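Thank you for making time for this.

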Amino acid sequence: MWYGRKIILRQLEEADATTLQKWYVDREFRLVYDDYASVALDSIQKEILNAKGDIKDPKTERVVYMVLRKQDQRPIGVAGLRHIDRKNGNAEIVLGIGEKDMRLAGYGVDILIFLLDLVFYELGFEKAYLRIYENNSLGLKSAISFGFIAEGKIRKQAFVEGKYVDLWILGLLREEYEGLPIVPKWKKK
């Protein structure tokens with residue numbers, strides 16, 4: 001288990017499949033989190049079995065964690081790293097708050113800071129990045145206001161809700177992360 005200020009991250013367990021399925025079929029959740037193959041329960045169970053990678057294992061290219069609220073260990077979301085590129089020192093961050101009443105309550109910042117610490121200090125990488133679809137305007141605004149830099153846009157990359165949407169790539173370098181005023185303030189609380 002890993003501990004943030006307001007959250008705990010743990011490996012996915014088979015019993016999480018129904019919770020994940022509930023989130024995966026939620027339209028709002030799907031707009032921010034796309035790291036799943038299917039909403040079918042048997043597919044989710046297989047996904048959980050395949051997501052048991054250890055971040056310290058050099059062969060691991062993807063890790064996924066269940067996010068629990070620290071105060072009562074209630075599952076509130078899912079987060080992880082994918083495309084872990086040890087040769088080039090970068091990884092993609094993915095996260096989503098599945099429980100609607102927990103969204104916009106500061107958990108996303110805590111998860112993001114935790115995952116960035118993993119990328120920069122546990123793995124020793126130079127860069128973390130996010131992929132955000134243009135129809136997720138809150139996610140795009142939040143990432144940029146946090147400190148991510150828009151590095152590019154892939155036009156009409158995904159077919160979402162009956163239309164093609166652009167995909168934004170946003171990056172954050174270790175030196176930029178270390179200069180963000182929110183990080184030490186958040187960690188002090």
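Which residues line the second largest pocket? Before I answer, please keep in mind that this is a predicted model. The lining consists of Arg27, Arg30, Leu31, Tyr33, Asp34 and Tyr36, together with Tyr133, Ala158, Phe159, Val160 and Glu161. Helix H2 and strand S7, the latter covering residues 149-160, each supply at least two residues of that lining. Sorted by class, the lining of this second largest pocket holds 7 nonpolar and 4 charged residues, with no polar ones, and the volume of the pocket comes to about 200 Å³.

Of the contributions to the lining of the largest pocket, that of H5 is the greatest, at 7 residues. By class, the lining of the largest pocket divides into 20 nonpolar, 9 polar and 8 charged residues.

Now to the helix crossing. The axes of helix H1, residues 17-24, and helix H3, residues 41-50, come within 9 Å and cross at roughly 115 degrees, and the crossing of H1 and H3 is right-handed. On the H1 side the contact is made by Ala17, Thr18, Leu20, Gln21 and Tyr24, while H3 brings Leu41, Ile44, Gln45, Glu47 and Ile48. Taken by class, the residues of this contact between H1 and H3 comprise 6 nonpolar, 3 polar and 1 charged.

Finally, I would like to turn to one arginine, Arg82, which is found in strand S4, spanning residues 75-85. Is Arg82 buried or exposed? Its relative accessible area is 8%, and because the cut-off for buried is under 20%, Arg82 counts as buried. If we leave aside its neighbours within four places in sequence, Arg82 is in contact with Asp34, Asp35, Glu61, Arg62, Ala91, Glu92, Val94 and Arg131.

Technical notes: Residues are numbered from 1 along each chain as its sequence is written. This is a predicted model: local features need pLDDT of at least 70, side-chain atom pairs count only at pLDDT 80 or more; totals for chains, interfaces and linings use all residues. Side-chain values use heavy atoms; hydrogens and water are left out. Axes are lines fitted to C-alpha atoms, for helices over the stretch in contact, and angles run from 0 to 180 degrees between N-to-C directions. Helices (H or I, at least four residues) and strands (E, at least two) are DSSP runs, numbered from the N terminus. A crossing is left-handed if the near helix is turned anticlockwise from the far one by less than a right angle, and right-handed if clockwise. Contact means heavy atoms within 4.5 Å. Ala, Val, Leu, Ile, Met, Phe, Trp, Tyr, Cys and Pro count as nonpolar, Asp, Glu, Lys and Arg as charged, and the others, Gly among them, as polar. Buried means under 20% relative accessible area, exposed over 50%, partly exposed in between (1.4 Å probe, protein chains only). On a 1 Å grid over the protein atoms alone, a cavity is a set of points where a 1.4 Å probe fits but cannot get out, and a pocket is an open set with protein on both sides within 12 Å along at least five of seven lines; lining residues have an atom within 4 Å of a point. Grid points are joined across faces, edges and corners, and a volume is the space filled by probe spheres set on the points.
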